[in-house]
Amino acid sequence: MASAATIFGMETKVEFLRLARAKSFSLATIGFPVMFYLLFGIVNSHGAGGEQVARYLLATYTVFGLVGCSLFGISVTLASERTLGWLELKQASPMPAWAYLCAKLLTAMAFALIIFAILLTLGRTMGGVVLTGTQVFHMALAVLGGVVPFASLGLLLAMIIPPNSATGVVNLIYLPMSFLSGLWMPLKNLPTGLQKLAPMWPTYHLARVELVAAGSPLKNYGGLPGSDSILMHWIWLAAFSVVTLALAAVIFRRNAAKV
Amino acid sequence: MQDVAAELAGVTQRYGQHVALRDVSLTLRRGEVVALLGPNGAGKTTAVKLLLGLLQPTTGVAKVFGASPKIAQTRMRMGAMLQVSKVPDTVKAREYIDLFRSYYPKPMSYEEIVQRAGLKGIENKLLGSLSGGQRQRVLFGLAMCGDPDLIFLDEPTLGMDIEARHAVWAEVRRMRDAGKTVLLTTHYLEEADSLADRIVVIRTGEIVAEGTPREIKGNVAGRKIKCMTRLSVAELKRWPTVTEAAMHDAVTVVTTLAAEDVLRRMLAEDAGLSGLEVSSPALEDAFLALTAEKEVL
């Protein structure tokens, strides 16, 4: 009997190798957060309060990186597989549907951890960031959990955007959302109106979780007071995942009945 | 019934206002190669997708080995080569074959797949670096991974060179000899003619003809005589048994139900007759006649 574990392992291995070899994906999703962190986090870490900057941006560029690999790794690949026949070939095979989706989720998690590991090494060695083992562990957990809502969003986007414009559309969502959630610079530097809107972005909630895990004071971040319960942020992210997944499933069924 | 591999029974498939298939019944018996022929948009791919369980019929039933094609047990016995306009570029043929083999409880051995699909030498190349025909061979290999009892080949030899095409044909014949059932859709009439035990012609969602290649060709009566002659077309048309006569680029083409009699008389009346050819109707003629628009018929 073909064991479920074997299928699952093979599916994930192939998906990971495929994205790792696609330089347009691996260079961009790993390269951009690393480059930004070097330019803005490490270069600015040597003055007064520099360690705080490096610590803050370690948390937020980790979020920036994981959102990128989750959105691109899932929506761009799936949008093209769905519309150009490959997904149909896999659906016609006895492949279990969950193996296909879990492989994409685990692949995004693997890339997210790679990005986190690189940023963490840079922050510790060049940025003078000091973290306890527990803090690193909590940050890594937040990375793994944080991939889920953005992988769900990637799945939803894959259902609605045509494959040849997938990269462009994802960037139009990814980049403004990152900016408006304070991933590039603290929210307190943005106009008050935009600060008030920040809690509508999933990146805002994950950024706060990651900042708390990294031991970065939230007063540096700005944003709304009184919403600092980690649990509440996770509940928000979980609800976001459920809603996007449900929408993706509805659209997938509707498309399948139409083609 | 024991010898039925797959069937569509009274299937109608609608997409909104558009009717893709209209009350189609089709049976594939075990151990036969059936070719589904028809112009683009006739409903061939819809029929294949219904049998693969990728679509749910609006009305009617699709069954494979007596069960729903959607359940895992049925899928384990099927293999499919569909038209994929883009395969993931950065994966090696070997990796996909190993992956697809992992789906099945008793897969065909890796070496056998490589040999049968003609993948030697390209196993370790990324799919993005392969030619269109080579990619088709990889897809053919993937369809064989489960050593299936029923295999669907949707335009299998598209983009292949002649050598590769003949290799696929040999493989299809081997499958039939091993008791497997093959459903083939193709634009290459020669392919259907040389491979199929049975041809099903489909037009605008309806089956318009069904039979052996010989029976289908029988739908176009008579044989064609081509030659250069001084006999006029108008005169030839008046001869008994001649159903059609025409001249293109100085070559006269006569269609007749009794080629020998007409030929004897032509040779007798025109000693200078040259460039003679006599041909049986090709499947293509039958196909064109069957799939022509109703107004033309």
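Domain bounds here come from an automatic or database domain assignment. The model is predicted.

## Domains of chain B

Chain B falls into two parts: domain 1 covers residues 4-218 and domain 2 covers residues 223-280. Between domain 1 of chain B and domain 2 of chain B, the C-alpha centres are 42 Å apart.

## Contact with chain A

Chain B contributes 24 residues to the contact, and chain A contributes 23 residues. On the side of chain B that touches chain A, the elements giving two or more residues are helix H2 (72-75) and helix H3 (93-102) of chain B. The most comes from H3(B), with 5 residues.

By residue type, this side of chain B is made up of 16 nonpolar, 4 polar and 4 charged residues.

## A sheet of three strands

Chain B contains an open sheet of 3 strands in the order E2-E1-E4, paired antiparallel. Strand E2 (18-29) and strand E4 (59-64) of chain B are at the edges and have a single partner strand each, so one side of each lacks a neighbour in the sheet. From one strand to the next, the twist averages 15°.

Strands of a sheet pair through backbone hydrogen bonds, in either a parallel or an antiparallel way. In chain B, strand E1 (residues 4-15) and E4(B) run antiparallel and are joined by 5 bridges. B:Ala6 has B:Val64 in E4(B) as its bridge partner.

## A helix across the sheet

Helix H1 (residues 44-51) of chain B lies across E1, E2 and E4 of chain B. The direction of H1(B) is at about 120° to E1(B).

How values were computed. Residues numbered from 1 in each chain as written. Chains lettered and ligands numbered in written order. Predicted model: local features only at pLDDT ≥ 70, side-chain atom pairs only at ≥ 80, totals over all residues. Contact = placed C-beta atoms within 7 Å. Helix = DSSP H or I, 4+ residues; strand = E, 2+ residues; numbered from the N terminus. Nonpolar A, V, L, I, M, F, W, Y, C, P; charged D, E, K, R; others polar. Pairing = 2+ DSSP bridges. Axes fitted to C-alpha atoms, helices over the stretch in contact; angles between N-to-C directions.
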